[in-house]
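Biologist: I would like to learn how to read helix packing in a structure. Could you take me through a case?

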Amino acid sequence: MTTLPIAAQPKLPDARGPVSAAVIELLAHCAPHTHLEPVEARLHDSDPLGLDLQLALYVCYELHYRDFAGVDPAWEWNAGLLHLRSRMEHAFLAAIRREVGTIEADATPATEMDRLSTEPADGTGPSYHLRDHGTWQQMREYFAHRSVYHLKEGDPHAWLIPRLGGQAKASFVAVEYDEFGAGSGSQVHQQLFADLMAAAELDSGYLAYLGAVPAEALIAVNLMSLFGLHRRLRGAAVGHFAATEITSSPGSQRLVAALQRMQAPEACIKFYREHVEADAVHEQVVRTEVINSLLCSEPTLADDVVFGIRAWEVVEDRLAYWMMKCWTCGRSSLLRPLD
Ligand SMILES: [Fe+2]
Ligand SMILES: [Fe+2]
């Protein structure tokens with residue numbers, strides 16, 4: 001087993017355009033002001049779902065997780081940087097709402113969760129491809145994409161804890177308890193993923209592939225941070241959480257099959273096998289206890305829960321489409337191909 005040093009901080013990534021350059025150069029070279037001086041960057045010309053803005057947003061959010069080596073920790077609550085982050089979030093959320101589109105009037109959290117529970121037998125996407133035809137190198141690329149999430153798995157949703165109450169809080173924390181190893185540091189899912197990375201001869205360092213993944217991988221994590229860090233979006237955060245738990249078990253089952261076919265190291269299989277079993281239980285807890293209890297106390301959040309589920313689908317579909325497009329063309333899905 002490799003270790004995942006608790007305090008290890010990632011390096012700031014290279015900028016990918018003017019917006020990420022404005023943020024990264026500031027963090028790398030400046031001390032934060034104590035007075036309000038908005039950090040300026042031109043967002044008008046920047047695609048809200050593009051790599052430049054998404055990397056800038058990811059870097060801003062990371063200040064709330066582990067921060068970056070050499071960055072003054074006071075940047076976390078710097079009003080000038082938060083001003084820029086807020087502008088990026090506004091553009092990002094508007095773009096996601098456009099992508100989700102109009103939600104039918106009869107869509108409810110229950111109908112959405114039922115729909116997600118019904119897996120197509122002839123599905124497409126990376127987990128089906130990897131199970132049936134994918135190469136070990138494509139699997140390693142898949143790990144690198146997912147590393148910007150799984151090495152902080154559980155953390156983005158944990159912002160929800162103070163925003164829930166009663167049974168919804170108790171049941172939500174019961175699921176998170178498993179994500180965080182059920183009392184065992186070696187079984188924290190973040191650690192299991194670091195073990196997977198090392199076993200696959202990838203860099204298991206925290207956010208080691210931040211500069212190598214496309215916007216689509218960053219968007220998937222930024223959406224969780226956005227929902228988690230804003231109390232007004234707590235319904236969407238719960239919907240997103242439900243979508244991840246409901247779809248995790250069958251998706252993980254396909255990845256276990258893929259890894260067994262590839263005769264992958266046991267540590268790689270272990271991470272997904274753990275999710276086949278745990279998430280089958282988590283799905284039921286989230287459906288029957290977290291969502292139902294939340295909606296009993298706050299029924300007006302139902303539309304936001306549906307939005308969170310649909311938003312999760314949009315961003316996961318974008319990442320899946322990116323990977324499949326690259327692999328179908330016979331090229332790497334990473335910005336920096338693996339060795
Ligand atoms: Fe997990
Ligand atoms: Fe889970």
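Biologist: At what angle do helix H9 and helix H12 pack?

Modeller: In this predicted model, H9 (residues 189-199) and H12 (residues 266-297) pack at about 150°, and their axes are 7 Å apart. Angles over 145 degrees count as roughly antiparallel, so H9 is roughly antiparallel to H12.

Biologist: Which residues of H9 and H12 make the contact?

Modeller: H9 contributes Leu-192, Phe-193, Asp-195, Leu-196 and Ala-199, while H12 contributes Ala-267, Cys-268, Lys-270, Phe-271 and Glu-274. Sorted by class, the contact has seven nonpolar and three charged residues, with no polar ones.

Biologist: Is the crossing of H9 and H12 left-handed or right-handed?

Modeller: H9 passes H12 in a left-handed crossing.

Biologist: How is helix H8 placed against H12?

Modeller: Read the angle in the manner just used. The axes of H8 (residues 166-179) and H12 cross at roughly 160° and come within 7 Å. That angle makes H8 roughly antiparallel to H12, and the crossing is left-handed.

Biologist: Which residues of H8 and H12 make that contact?

Modeller: On H8 they are Gly-166, Gln-167, Ala-168, Ser-171, Phe-172, Ala-174, Val-175 and Asp-178. On H12 they include Ala-278, His-282, Val-285, Val-286 and Glu-289, and also Val-290, Ser-293, Leu-294 and Ser-297.

Biologist: How many nonpolar, polar and charged residues does the contact of H8 with H12 have?

Modeller: By class there are nine nonpolar, six polar and two charged residues.

Note on methods: Residues numbered from 1 in each chain as written. Chains lettered and ligands numbered in written order. Predicted model: local features only at pLDDT ≥ 70, side-chain atom pairs only at ≥ 80, totals over all residues. Axes fitted to C-alpha atoms, helices over the stretch in contact; angles between N-to-C directions. Helix = DSSP H or I, 4+ residues; strand = E, 2+ residues; numbered from the N terminus. Parallel < 35°, antiparallel > 145°, perpendicular 65-115°, else oblique. Left-handed = near helix turned anticlockwise from the far one by under 90°. Contact = placed C-beta atoms within 7 Å. Nonpolar A, V, L, I, M, F, W, Y, C, P; charged D, E, K, R; others polar.
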